[in-house]
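I opened this entry to record what I looked up, item by item.

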Amino acid sequence: MPNSQDPIRITSSDLQSPGVDEYVETQQWLTRDMDDSPNQPWLIRIIYANWFYLSFAAGLGGLCGWAILEPFFSDDPLAEDTVAALLMFPVVAGFIGLFLGAAEGFMCRNPGRAVTSGAVGLATGFLGGLLALIPTGIIFQLIGQVALSLQDGPLDEHSMPSGLALAVFMMGRGAAWAVASIPAGLGQGFALREKRVIFNGLVGGVLGGLIGGVLFDPISMVLLTDDGEATYSRSVGFATIGLSVGLFVGLVEGWTKTAWLMMRVGPLAGKQFVLFKDTTVLGSSPKADVYLFKDDAIEPTHAIIYNRGGRFEIVDQNTPDGTYINGIPIKSQLLQTGDQVILGKTVLEFTVKDSD
């Protein structure tokens, strides 16, 4: 038996043995290189920020809804009870819901989700906008009467209140539109059947409608034409409402999120995926919650992240290529902030918000 302290001698024939190449290939297969992920340019980070693309999409939706009915709308007091006047806000709310619902699917390159969420957003915004006409009308009329009682002197048909009366009038419109904008923010949550997304849309709709409503009258005063037509002010005002709703839906999601994945390497590098569900599916199927496309190594259902009371566990679904955490293959593992989740060529960084 050779002495254990004798040096190990490796001959050239040993190095050229097929077993060496097989061993090296096996080790390379079992680990994934952890190259430093490049920081995304600030412009990419802004574009992929949900508050940015949701506000842009919802603002565009409000503008499109206005453009459809504006040709049939008149500021003539004798024509106020037209169908266009009745449908203006429901149509605007519907199109805000359409564009807001479709935005996430569009950004994730998931046309199925974009169509479904957009359609539900359109229906929710329009029908909810119709139902909201009654309470918003009551709120606006009541606070409008209070504003007029504070106004010194009579107003003609094209004049706005001033001073304290104008401030009260603006608050009344903001309160009314806060109620009317709620349906515009709910569509995506209804489409996904997720209570947290519904809550985000509810709060975002209220805050967005409130801000848009308060800003509407100052915008109208600046853009009102000499003949009393408010065409331009309505276009800017409804676009502002949509932008505000989308902005606050995105901001509320950011304020309330507890855990998320940031794509560091992959086709959507810089995109953030909020883990708002108890069970989050990662895979190449368009039905996956985190849709990972353009990677043949990723299975339709590749891995699942379970929220176990605030502790997030990732479980590989017996995939041929495997799931890696920080370069090491795993079957299941609890995730920690900063963990690099590698599936195929895609790298996702996990973050959980500190509960302290």
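This is a predicted model: local features need pLDDT of at least 70, side-chain atom pairs count only at pLDDT 80 or more; totals for chains, interfaces and linings use all residues.

Residues are numbered from 1 along each chain as its sequence is written, and side-chain values use heavy atoms, with hydrogens and water left out.

**Entry 1: the nonpolar patch**

I looked up Trp51 and found it in helix α4. Helices (H or I, at least four residues) and strands (E, at least two) are DSSP runs, numbered from the N terminus. Trp51 has 34% relative accessibility, so it counts as partly exposed.

Trp51 belongs to a nonpolar surface patch of about 770 Å², together with Trp42, Leu43, Ile47, Phe52, Phe56, Leu60 and Leu63. Patches take residues with over 30% relative accessible area and no salt bridge; like charges are joined within 9 Å, nonpolar side chains (Val, Leu, Ile, Met, Phe, Trp, Tyr) within 5 Å. Areas come from the Shrake-Rupley method with a 1.4 Å probe, and for residues only the protein chains shown count as cover.

Which helices supply at least two residues each to the patch? They are α3 (42–47) and α4 (50–69). Helix α4 gives the most, with five residues.

**Entry 2: salt bridges**

I searched the whole structure and got six salt bridges. The criterion is a side-chain nitrogen of Lys or Arg within 4 Å of a carboxyl oxygen of Asp or Glu.

Arg234 and Glu70 meet through their side chains at 2.9 Å, N to O. Arg234 sits in helix α10 (residues 231–256) and Glu70 in the loop between α4 and α5, so the pair ties together parts 164 residues apart in sequence. Both Arg234 and Glu70 are buried.

Lys271 pairs with Glu104, with the closest N and O atoms 2.9 Å apart. This pair links the loop between β1 and β2 to helix α5, across 167 residues. Lys271 counts as buried because its relative accessibility is 1%. Glu104, at 12%, counts as buried too.

Lys277 pairs with Asp289, again with the closest N and O atoms 2.9 Å apart. Lys277 is in the loop between β2 and β3 (279–283), Asp289 in the loop between β3 and β4 (290–291), twelve residues apart. Buried or partly exposed? Lys277 is partly exposed, at 23%, and Asp289 is partly exposed, at 24%.

**Entry 3: around Lys271**

I returned to Lys271, in the loop between β1 (259–265) and β2 (272–274). Its side chain makes a polar contact with the side chain of Tyr53 at 3.2 Å. A polar contact is a pair of N or O atoms within 3.5 Å; within protein, one must be able to donate a hydrogen and the other to accept it, and residues adjacent in sequence count only if both atoms are side-chain atoms. Leaving aside neighbours within four places in sequence, Lys271 has contacts (heavy atoms within 4.5 Å) that include Tyr48, Met107, Cys108 and Leu261.

**Entry 4: the core**

The largest nonpolar core has 53 residues, and Phe238, Leu261, Leu282, Ile305, Ile314 and Leu343 have the most contacts inside it. Helix α5 (residues 83–107) gives the largest share, eleven residues. Such a core is a set of buried Ala, Val, Leu, Ile, Met, Phe, Trp, Tyr and Cys residues joined through side-chain atoms within 4.5 Å.

Notes
Buried means under 20% relative accessible area, exposed over 50%, partly exposed in between (1.4 Å probe, protein chains only).
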